[in-house]
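I opened this structure to look up a few places in it. My entries follow the order in which I went.

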Amino acid sequence: MIFLIAQPTIWRLPRKSCRLGGNVVQLFQYSKAATAISTSHLTKPSAKASRKKQVSTATPVKHAASLAVNNTILAPPLVGAVLSTPDAENEVSSKSKNTTERDQNAWREYAPAQPADLTGLYLKLSKIRLTSLVVLTTMGGYAVASAPFDPTTFLMASIGTGLTSCAANSINQYLEVPFDSQMSRTRNRVLVQGKLSPLHAVSFAAVSSTVGISALYFGCNPLTALLGASNLVLYTSIYTPMKRISILNTWVGSIVGALPPLMGWAACTGQLEPAAWIMAGLLYAWQFPHFNALSWNLRPDYSRAGYRMMSVTNPGLCRRTALRYTGVICALSCAAPVLDLTNVWFALMSAPLNGYFVYLAYQFYKNSDSSSSRKLFRFSLIHLPALMLLLLVTKKKWYLGNTQDLKDSKAASLLDMELPSVPKLLSPGSVLAASNDLPSTAPVSSL
């Protein structure tokens, strides 16, 4: 009786088709299987309403192969349900995995950062350790310059350079979010994690660059501000996009690292003398063994993110370049006394330091393994501060006093000046120009 009542309803169910594993399967209706089909199909008010209602994929449906009527196994498929097959499950799993990876690589914006956390987030956005190294090289360029030390311009040069570096690093992180998310070394950066919005980062960079370049212009001189602005543009607009285009990005990045000492020298003297290029050249050459050794152990990350680095595209050139520029550092150290930047002791005292640097670069060139590259990278972190300290200690000329007295002393020597003016020049508050190559100044002071 139940069969006779239900059979017309079953036959009136519309025929449906579904895509199953890429093939369109025509669904057949089996009247004898009516008792095994979910009773929800029988309680629907009409076929028209059943078409409007979407069948949930979570509805439990038995596979047709498990249905038995009169001990006879029925062939699939069932009516009104999309069967879950291994192919379909794999496709759903693949889509879910791709969606998860895409979500991880996309920008994620969380709740706004708390005011108490902004300082730490700004320091991370600015790459504070790299910025500190840039400021130290600027201070070094100022300290070794052949001019009197002025605390005001020294402070303004340090602050301006630091803020400009913060802006450059912030823009760099803003532009590289999709690529930083693919590298284990950079996937925890502020913008990748969504701890700051992109607009917040760009606004921070705009304020930092404006204040920094203004400090260099008004606190130092236009030449220093020009060098700072040029470095900002070079780092953000040329070096950053070039990392995915050509291995020449390493040479461009080395120019970026060589400009801060020139900024310090220009802030102190207002011009760039030949001796100023010695420290800039040392910074330029130092970055090749430093960065090539660093990138050697990060080749999988750089390759995955699509960066064209020497260590990835041309490993042999990477090793040769590191060794070659350690030799350039030795040559520049010997040229420093020739250009009157330091005395001869700098070349002698830096020889063991540079020699060991060359030795580690040669080991990296010969072995090209993670151990030799790690040793070269770690020693490079010691080599640069030690070399800068030697430059400062062996500086050839020291100036004490103010700039105006220095200009007066250059305009007229002691022999050309009148006798009453000599004690004024040699007074404690005036300029004293001392050279390590000159004899003792005691006879002069006895005048």
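**Entry 1: a helix pair.** I began with helix α8 (residues 198-219) and helix α9 (residues 222-242), which pack at an angle of about 150° with their axes 7 Å apart. Helices here are DSSP runs of H or I with at least four residues, strands are E runs of at least two, and both are numbered from the N terminus. The axes are lines fitted to C-alpha atoms, for helices over the stretch in contact, and the angles run from 0 to 180 degrees between N-to-C directions. I therefore noted α8 and α9 as roughly antiparallel to each other. The cut-offs I used: under 35 degrees is roughly parallel, over 145 roughly antiparallel, 65 to 115 roughly perpendicular, and the rest oblique.

Which residues make the contact? From α8 they are Ser209, Ile213, Leu216 and Tyr217. From α9 they are Pro222, Thr224, Ala225, Gly228, Ala229 and Leu232. Contact means heavy atoms within 4.5 Å. I sorted the residues of this contact into 7 nonpolar, 3 polar and no charged. In that sorting Ala, Val, Leu, Ile, Met, Phe, Trp, Tyr, Cys and Pro are nonpolar, Asp, Glu, Lys and Arg are charged, and the others, Gly among them, are polar.

**Entry 2: how to read my notes.** The model is predicted, so local features need pLDDT of at least 70 and side-chain atom pairs count only at pLDDT 80 or more, while totals for chains, interfaces and linings use all residues. Residues are numbered from 1 along each chain as its sequence is written, and side-chain values use heavy atoms, with hydrogens and water left out.

**Entry 3: the whole chain.** I found 19 helices and 6 strands in the chain. Of its 447 residues, 42% count as buried. Buried means under 20% relative accessible area, exposed over 50%, and partly exposed in between, with a 1.4 Å probe and protein chains only. Among contacts in the chain with a separation of 6 or more, 72% come from residues 24 or more positions apart.

Entry 4: Where is Arg189? I located Arg189 in the loop between α7 (177-180) and α8. Arg189 is buried, at a relative accessible area of 19%. Its side chain joins that of Asp180 in a polar contact of 3.1 Å. A polar contact is a pair of N or O atoms within 3.5 Å; within protein, one must be able to donate a hydrogen and the other to accept it, and residues adjacent in sequence count only if both atoms are side-chain atoms. Not counting residues up to four places away in sequence, Arg189 touches Lys127, Asn172, Gln173 and Asp180.

I followed that list to Lys127, in the loop between α4 (118-125) and α5 (128-143). Lys127 is buried too, with a relative accessible area of 17%. Lys127 is not a glycine, yet its phi is positive, about 50°.

Entry 5: Leu282 sits in helix α11 (residues 276-296). Is Leu282 buried or exposed? Leu282 is buried, with a relative accessible area of 3%. Leaving aside neighbours within four places in sequence, I listed Ile329, Leu332, Ser333, Leu387 and Leu391 as its contacts. I also checked Leu384, which is 102 residues from Leu282 along the chain; their C-alpha atoms are separated by 8.8 Å.

Ser295 is in helix α11 as well. Ser295 counts as buried at 1% relative accessibility. Beyond residues up to four places away in sequence, Ser295 touches Tyr302 and Ser311.

**Entry 6: Thr326.** Thr326 belongs to helix α14 (residues 315-338). Thr326 is buried, with a relative accessible area of 1%. What does its side chain reach at 2.5 Å? I found the backbone oxygen of Leu323 there. Setting aside residues up to four places away in sequence, Thr326 touches Pro289, Phe357, Val358 and Ala361. The C-alpha atoms of Thr326 and Tyr356 are separated by 9.7 Å, and the two residues are 30 apart along the chain.

**Entry 7: Lys366 and Ser368.** Lys366 is in helix α15. I noted Lys366 as partly exposed, with a relative accessible area of 49%. Ser368 lies in the loop between α15 (344-367) and α16 (370-393). Ser368 counts as partly exposed at 25% relative accessibility. Its phi is near 50°, a positive value in a residue other than glycine.
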